[in-house]
Each structure stands twice: as structure tokens, then as C-alpha cells.
Amino acid sequence: MALETLVVAVGPNDNTRTDELAEAVLDVAVPADASVVLLHAFSERAYDEGIEEAGFDPDESPSPDELAKRLEGIDLLSEALSAADISYDVRGEIGAEGETILQTTKAVDGDLLFISGRKRSPTGKAVFGSTSHRIMMNSSCPVLFVREGVYGNGDEE
């Protein structure tokens, strides 16, 4: 299987995991000479709040792509990809996070999907659910999960 398109789902809390996520993506993208899609899924509420926080005129609704480009996590990943001369695109989509990530990955013909998160106990997953787990079980392509505090530092819990 050739890796041509890598999709990186960038969540609202991924700012603390950006270095690990960038390292994981570059470990695959550079040798494969793959292009990358940086994807952020906005809920309707998050999109509306983001317009206000980013300083857009409320009458001038930016596209979800434009708003996604202003997110810190997307910006940091963009810098890392540019520095490595990796071609990338930024996509913002509005919808339920898990479903939107799955649909967009399929729509762009993604060959590998990167998601990140933190370690959760089995009880925490049962009580609060796990978007990451649902994505891994329903993805149209392989998924690489980059867990906070583990990738690239030799810690093998």
C-alpha cells in the first residue's frame, strides 16, 4: 500500500501534543513523500465561538478552512511540515467530531489517519466514551494513535 495522503486530525486540545504529533507525521511523510491534510472538526458552537475569538467580523463568516488555519495546533504543525518541505493542505469541517473525521478522511482518499490523545482508564472510557476508539474501529484506512507523553521518548508503559 502506497502512502500518498496522510490525514492528521487536530483537536482543540492538541496544542500540548503538537511536537509529538509532528514527529510522528514526519516519520511517515518524509520517507513516503506523502502529502498531508491537517483537519480540524468544528462543532457548530465551536465554529461560531472561533469566529468571534479570531476577530472576524460577525457579518463576514469565514470558511471553516480559513478558521482552521488560525488554530494554534494547525499553525504549529504547518510550520513543522513546511520546514520539512512536505506538501500540506488545511481543512476545517463542521460536524460531529468523530463522524466528520471519518467522512473527511474517506473523501480525501486518506491512506493513513493520525489522531492523538491522552491515556484514559477503562472506566473513564466507559463513562465518557472515546471518540478516538470509535474512529479507530470505523476508519476506512489504518489509524496511528499518538498518545501524549509516549511517542518518541522511549516510554513504553
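These notebook entries record what I looked up in a predicted model of one chain.

**Entry 1. Overall layout**

I began with the secondary structure of the chain, which comes to 7 helices and 5 strands. Reading from the N terminus, I noted the order of elements as β-α-β-α-α-α-β-α-β-α-α-β. The chain has 157 residues, and buried residues make up 40% of them. I then looked up the sequence range of the contacts. Among contacts between residues at least 6 apart in sequence, 77% join residues at least 24 apart.

**Entry 2. The largest nonpolar core**

I asked which residues have the most contacts inside the largest nonpolar core. They are L6, V8, V25, V36, L38, L77 and F114, in a core of 26 residues. I listed the elements that give two or more residues to this core: β1, α1, β2, α2 (44–53), α3 (64–68), α4 and β4. The largest share comes from α1, with 6 residues.

I next took V25 by itself. Setting aside neighbours within four places in sequence, I found V25 in contact with L6, V8, V36, L81 and F114. I also recorded a second, separate core of 12 residues, whose members include A9, A41, L102 and L113.

**Entry 3. Helices α1 and α4**

For packed helices I look up two quantities, the angle between the axes and the distance between the axes. The axes of α1 and α4 (residues 72–83) come within 10 Å and cross at roughly 40°. An angle under 35 degrees would count as roughly parallel; α1 and α4 are therefore oblique to each other. I noted their crossing as right-handed.

Which residues meet at this contact? On the α1 side I found T18, L21, A22, V25 and L26, and on the α4 side G73, L76, L77, A80 and L81. Sorted by class, the contact has 8 nonpolar, 2 polar and no charged residues. Of the residues in this contact, V25 and L77 are also listed among those with the most contacts inside the largest core.

**Entry 4. Helices α5 and α7**

I turned to α5 and α7 (residues 131–138), whose axes come within 9 Å and cross at roughly 30°. That angle makes α5 roughly parallel to α7. The crossing of α5 and α7 is right-handed. From α5, the residues in the contact are E97, G98, I101 and L102; from α7, they are T131, I135 and N138. By class I recorded 3 nonpolar, 3 polar and 1 charged residues.

**Entry 5. Burial along α5**

Which residues of α5 are buried? I listed G98, T100, I101, L102, T104 and T105. What covers the buried residues of α5 includes β1, β2, β3 (88–94), β4 and α7. L102, buried in α5, is one of the residues of the second core.

I also looked up E99, which is found in α5. E99 counts as partly exposed because its relative accessibility is 46%. The C-alpha atoms of E99 and I135 are 7.9 Å apart in space, while the two residues are 36 apart in sequence.

**Entry 6. Two positive phi values**

D33 has a positive phi of about 50° although it is not a glycine. I placed D33 in the loop between α1 (18–32) and β2 (35–42). Is D33 buried or exposed? D33 counts as exposed because its relative accessibility is 67%.

D109 likewise is not a glycine, and its positive phi is about 60°. This value occurs just after α5. D109 lies in the loop between α5 (97–107) and β4 (112–117). With a relative accessible area of 58%, D109 is exposed.

**Entry 7. T5 at β1**

Finally I looked up T5, which lies in strand β1 (residues 5–9). T5 counts as buried because its relative accessibility is 14%, and the cut-off for buried is under 20%. What does T5 touch, not counting residues up to four places away in sequence? I found S35, V37, V108, D109, G110, D111 and L112.

Key
Residues are numbered from 1 along each chain as its sequence is written. This is a predicted model: local features need pLDDT of at least 70, side-chain atom pairs count only at pLDDT 80 or more; totals for chains, interfaces and linings use all residues. Side-chain values use heavy atoms; hydrogens and water are left out. Helices (H or I, at least four residues) and strands (E, at least two) are DSSP runs, numbered from the N terminus. Buried means under 20% relative accessible area, exposed over 50%, partly exposed in between (1.4 Å probe, protein chains only). Contact means heavy atoms within 4.5 Å. Axes are lines fitted to C-alpha atoms, for helices over the stretch in contact, and angles run from 0 to 180 degrees between N-to-C directions. Angles under 35 degrees count as roughly parallel, over 145 as roughly antiparallel, 65 to 115 as roughly perpendicular and the rest as oblique. A crossing is left-handed if the near helix is turned anticlockwise from the far one by less than a right angle, and right-handed if clockwise. Ala, Val, Leu, Ile, Met, Phe, Trp, Tyr, Cys and Pro count as nonpolar, Asp, Glu, Lys and Arg as charged, and the others, Gly among them, as polar. A nonpolar core is a set of buried Ala, Val, Leu, Ile, Met, Phe, Trp, Tyr and Cys residues joined through side-chain atoms within 4.5 Å.
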